[in-house]
Amino acid sequence: MTVLQKRVQVGINGAGPAGLFLALLLRREGIESIVLDSRERGAIEETIRAGVLEQWTADLMRELGVGGRMDKEGHFHRGITLQFLGERHHLDFVDLTGGKQVIVYPQHEVLKDLIAELLAQGQDIVFGVKDVQLHDIEAKQPRLTYTRPDGKACEIQCDFIAGCDGFHGPSRQAIPKELRREYQKVYPFGWLGVLVEAPPSYHELIYSNHERGFALLSTRSDTVQRMYIQCDPPHTSKGDDIANYPDERIWDELHARLDTADSTLTEGKIFQKGIIGMRSFVCETMRHGNLFLAGDAAHIVPPTGAKGLNLAVGDVLRLSRALTQFYKSGDAGKLDSYSAEAVRRVWKAERFSWYMTTMLHRNPEESDFEQRIHLADLDYVAHSQAAATALAENYVGLAVDL
Ligand code: FAD
Ligand code: DHB
């Protein structure tokens with residue numbers, strides 16, 4: 001069988017936020033890459049995932065020339081609202097962090113902007129590939145093999161492979177098991193997320209701790225809103241199924257958890273719904289030989305802190321700087337410290353995501369004592385400038401170099 005062969009400097013597996021941001025960052029430095037993804041472009045651009053961009057992620061989009069639509073269509077929020085015991089408490093991030101804010105602009109819109117810009121610049125992106133395999137990652141010239149959608153077998157020879165293929169992709173598994181140290185926590189609850197045709201019910205995000213479980217009110221546009229409720233985790237013996245949630249039940253739960261004495265949610269047509277599980281996961285190391293992991297391929301956070309997408313971008317910004325140093329000066333110093341420095345920052349986002357998740361959800365495995373502690377934590381954040389500042393600093397995003 002003929003195998004189509006090609007050589008590039010960096011082979012990137014995965015066209016999610018990590019892979020696409022990396023390709024654009026490398027192009028800016030004149031470093032050549034190819035991006036592979038097992039999904040079709042349409043599927044990538046339509047999958048509903050994260051919603052919040054940290055201040056520096058938005059700034060990076062502008063710097064890379066892909067911030068135009070975000071600035072026009074994104075929703076700029078100066079803070080968030082925490083709701084507990086029926087009361088709402090506004091945290092003003094702009095005041096607490098010296099001017100930083102967050103932008104609600106969904107992940108699939110970010111991906112559309114990145115793909116359009118990369119293709120306009122002539123970037124090689126191959127969608128719909130099958131059977132991607134990583135070879136010789138410990139050697140000087142690692143290889144990626146795959147089958148193109150037209151059935152042709154291909155081989156990419158490169159200097160480095162960037163494993164940006166998410167939690168279930170092959171890159172992490174290519175690191176020998178005995179060299180990986182993995183840390184995991186699976187939460188005994190999930191999120192049911194809906195998209196609703198309705199005007200906004202509130203001017204900012206509301207994170208609610210309620211005795212019936214957590215709820216989150218977010219937004220997408222002036223006519224579409226995003227809402228989540230805590231449910232049982234999917235894929236377990238007592239797992240929740242979307243069939244258990246007719247629209248009426250979803251509205252009952254949303255009203256119970258998010259309404260207050262003087263405000264109620266505006267209902268509308270629910271046109272999309274799905275359930276996700278919640279997990280914290282870190283793989284140490286994020287490098288083996290000439291394979292570098294980035295984003296969900298190396299770590300997962302539960303979505304409560306809105307960190308997953310931003311963390312993936314932080315990894316590839318660091319990786320792009322390391323590769324740039326290598327190609328410009330032959331110095332492998334930043335490549336050698338990539339894993340240790342990335343992991344250090346990842347653990348801070350893991351801590352914050354765990355903290356927000358623990359504080360805001362009702363965990364059936366916890367005692368009443370622990371529930372009271374979470375309410376005390378919320379009360380502390382709502383009334384202490386020091387505690388609110390710590391939450392705000394993490395929510396708007398820690399410095400990439402931390
Ligand atoms: P991904 O976005 O997963 O991209 C990996 C890419 O690799 C995918 O396009 C995939 O098709 C490709 N790939 C996988 N396997 C292969 C293979 N074998 N060969 C070739 N390509 C492959 N975060 C939040 O902050 N808030 C949220 O509300 C939120 N909701 C989420 C909902 C869901 C269902 C999921 C899965 C994640 C959610 N996240 C959320 C997390 C956030 O979306 C991720 O952290 C972010 O997508 C990570 O980007 P990534 O590029 O590392 O990985
Ligand atoms: C959204 C998702 C999150 O995980 C979060 O913390 C805030 C907002 C969203 O989808 O809009």
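Reply: Asp136 is partly exposed, with 14 other C-beta atoms within 10 Å. On this scale a residue is buried if 20 or more other C-beta atoms lie within 10 Å of its own, exposed if 12 or fewer, and partly exposed in between, with C-beta atoms placed from the backbone. This is a predicted model, in which local features need pLDDT of at least 70, side-chain atom pairs count only at pLDDT 80 or more, and totals for chains, interfaces and linings use all residues. Residues are numbered from 1 along each chain as its sequence is written, and chains are lettered from A and ligands numbered from 1 in the order in which they are written.

Asp136 lies in the loop between E10 and strand E11 (143–147); helices (H or I, at least four residues) and strands (E, at least two) are DSSP runs, numbered from the N terminus. Although Asp136 is not a glycine, its phi is positive, about 50°. Asp131 also has a positive phi, near 55°, and is a residue other than glycine. Asp131 belongs to strand E10 (residues 130–135) and is exposed, with 10 other C-beta atoms within 10 Å.

E10 pairs with E11 in the antiparallel sense over 4 bridges; two strands pair if DSSP finds at least two bridges between them. Leu144 in E11 is the bridge partner of Leu134. The open sheet has 4 strands in the order E1-E12-E11-E10, with mixed pairing. Strand E1 (3–7) and E10 are at the edges with a single partner strand each, so one side of each has no neighbour in the sheet.
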